[in-house]
Amino acid sequence: MAAQPTLAVFKFASCDGCQLSLLDAEDELLPVAGAVDIAYFLEARTQTSEGPYDVGLVEGSVTTAHDAERIQEIRRQCKFLVTIGACATSGGIQALRNWANVDDFIHQVYATPDYINTLKTSTAIADHVPVDFELRGCPINKNQLVDLIKSLLLGRTPRVPQYSVCVDCKRQGTVCVAVAQGVACLGPVTQAGCGVICPAYNRECFGCFGPKEQPNLVSLTDWYHDHGADRDHLVRLVRNFNGYAPEFRDASDRLVAQEFETP
Amino acid sequence: MTTPRTFEVKALTRVEGEGRLYVRMNGNDVEHVEFNIYEPPRFFESFLRGREIREVPDITARICGICPVAYQMSACHALEKALGIEVTPEIRTLRRLLYCGEWIESHALHIHLLHAPDFLGYESGISMAADHREVVERGLRLKKIGNELLEVLGGRAIHPINVTVGGFYRAPRVADLRAMIPDLEWGLQAAIDTAQFVAGLEFPDFEQDYEFVSLRHPDEFPMNHGHVVTSSGLDIPVEEYEQHFEERHEPQSTALHSVLLPDARPYLVGPLARVNLCYDQLPPLARKSADQCGIAWPSKNMFQSIVARAIETVAAYEEALRIVNDYHAEPSVSRVEYTPQAGEGCHATEAPRGLIYHRYRIGDDGLIAEAKITPPTSQNQGQIEDDLRQFVPGVLEYDDAEATRRCEHLIRNYDPCISCATHFLKLTIDRGPATSPA
């Protein structure tokens, strides 16, 4: 029998929710553990094996000099490297520091700022090393994670939709909250995959899965602004869990620039 | 001449987040102990400033993937106090149900996949499943039902989207909740069986004179509401929390610890504290489990926290079943409206790992002006280190690997949530002579 493929899970700055998704796949966890060798997964097991690994799942963003070095070594150790979640794919909510003065942040939170050793930015894994595949979401969808592992076992490229949340909303017959309630919803520019839960629960999409393929944020934010949405509100809406994803970042920077131009 | 002996676990496993343990001995004397959190800081309290009130539960959820509801609940209650609004009894009940879901999934995860392997001699729940398949599968199903409850009420299990200041964006549909009754009934019995199972584990003899701290409510086992009480008799409203509990800088280390004033004592929050302090408020079947488990409550043995966690799982299933059985119609109001305005409010709730305190100030612009968040693990950190100081001399007879394993087991008693505790980060480590070549 051929050796089982090895799976490793690595954590950077994050909430642990995306790696928890593997443990939350209650029906699949034991079968997965039987089909792959979970070689490195600190949250779940004490036993670890040395690399190299066939598949590496990376959660979290790079926020320290040490982590910037660590991801290089992890990349060398993993044949197929997958980023899981908004932190790893776009820098996460902690990337809000990228628009702020980190020294101010440190003084606001910590009694003894000298002990805090952090970079001025929170950045995506792909800003540091090549990434083979990304799973979006804050958190990721556990079904997409299980499908990813299955796909890799079968030797096929995993597939995730890159169209917008709106497509799934229409398919499910969910009433459009942007139209019916007049609220600014990020559904038209956000990648599907969450199961369109927010509009189904009577609220706007706030972009957990990040920008869809070729999103038109200029058009969308202008339209919301023309229909009464405050620019500051739109900036906050876009500067969220995926705020530092390039398309979202450009959109919020543009809105801020407009705010200065037009009093 | 004695040779310094050190135990170091560079990466603690089967805990949420990343931390390390460092103990330096000199003969039989514990010279230095550090339960060291090396999660990078994420600055939630800073970037919450300038955000909208309604964004706070969405953002604070992201502090922890295992206990997002705890952050959402403390934040919502604190902001509602700041705004001077009160939710309806129906919303209050649904929030308790949501919290039941989180206690169930978090406790079932910790009992079966993270903690039981320590008692039974396995490196993980996955390895344990080879010999105890039924126990692990029961645990996974218990956990799954907790997650399903979160999905029905919150939209999804990790980072629920249906929680807002004032209530819920949408009330759960009667059919969706009531469809869970058979699973909740199964879960209640399975939780009782689990409590029996963990009560039969072998507990190291390690009693300490703990100061237990939890919420206490006159009518119910504490989740969303209550006074702050301690085992030495303090009983204060949440509004006085910061007058009695303080984050302090210990001079001999770089750690910030929450301590109980005026003596600056470490203290203990979490399931063992709650069961000890609120035993009389356990719902009937949970109380029966507590009475039949062979432990004389209050317990001063932190290794028995796994039993307290199992008893609370029974309580959470019992409460969830009661609430769902009573849910016959969607409430007419799913959320109480408010107008953003200046104000300040604080609140504490009971996260699976223990008391969690939030305070917010809303500015004149209706945006968050200041946020303070005290998670459970940072409150337990001083107590964990104290435990290690007492515990380590008793494991010196073992080789380093076994002694280290036993220390890790002790830390897991606390179900530490290290991602949550990151703003108590310490990075400077005084390794002393132990790290110098001999």
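**Conventions.** I worked from a predicted model, in which local features need pLDDT of at least 70, side-chain atom pairs count only at pLDDT 80 or more, and totals for chains, interfaces and linings use all residues. Residues are numbered from 1 along each chain as its sequence is written, while chains are lettered from A and ligands numbered from 1 in the order in which they are written.

**Sheet in chain B.** I found an open, antiparallel sheet of three strands in chain B, ordered β6-β7-β8. Strands (E, at least two residues) and helices (H or I, at least four) are DSSP runs numbered from the N terminus; two strands pair if DSSP finds at least two bridges between them. β6 (213-216) and β8 (235-236) of chain B each have a single partner strand and stand at the edges, so one side of each lacks a neighbour in the sheet. I then noted helix α10 (271-278) of chain B, which packs on the sheet, touches β6 and β7 of chain B, and runs at about 50° to β6(B). Such angles run from 0 to 180 degrees between N-to-C directions, with axes fitted to C-alpha atoms, for helices over the stretch in contact. Contact requires C-beta atoms, placed from the backbone, within 7 Å.

I next checked the pairing of β7 (227-230) of chain B with β8(B), which is antiparallel over two bridges. B:Val228 has B:Ile236 in β8(B) as its bridge partner.

**Domains of chain A.** The assignment (automatic or from a database) gives domain 1 (6-154) and domain 2 (165-261) of chain A. Their C-alpha centres lie 25 Å apart. I recorded 14 residues of domain 1 in contact with 14 residues of domain 2.

Methods:
Contact = placed C-beta atoms within 7 Å.
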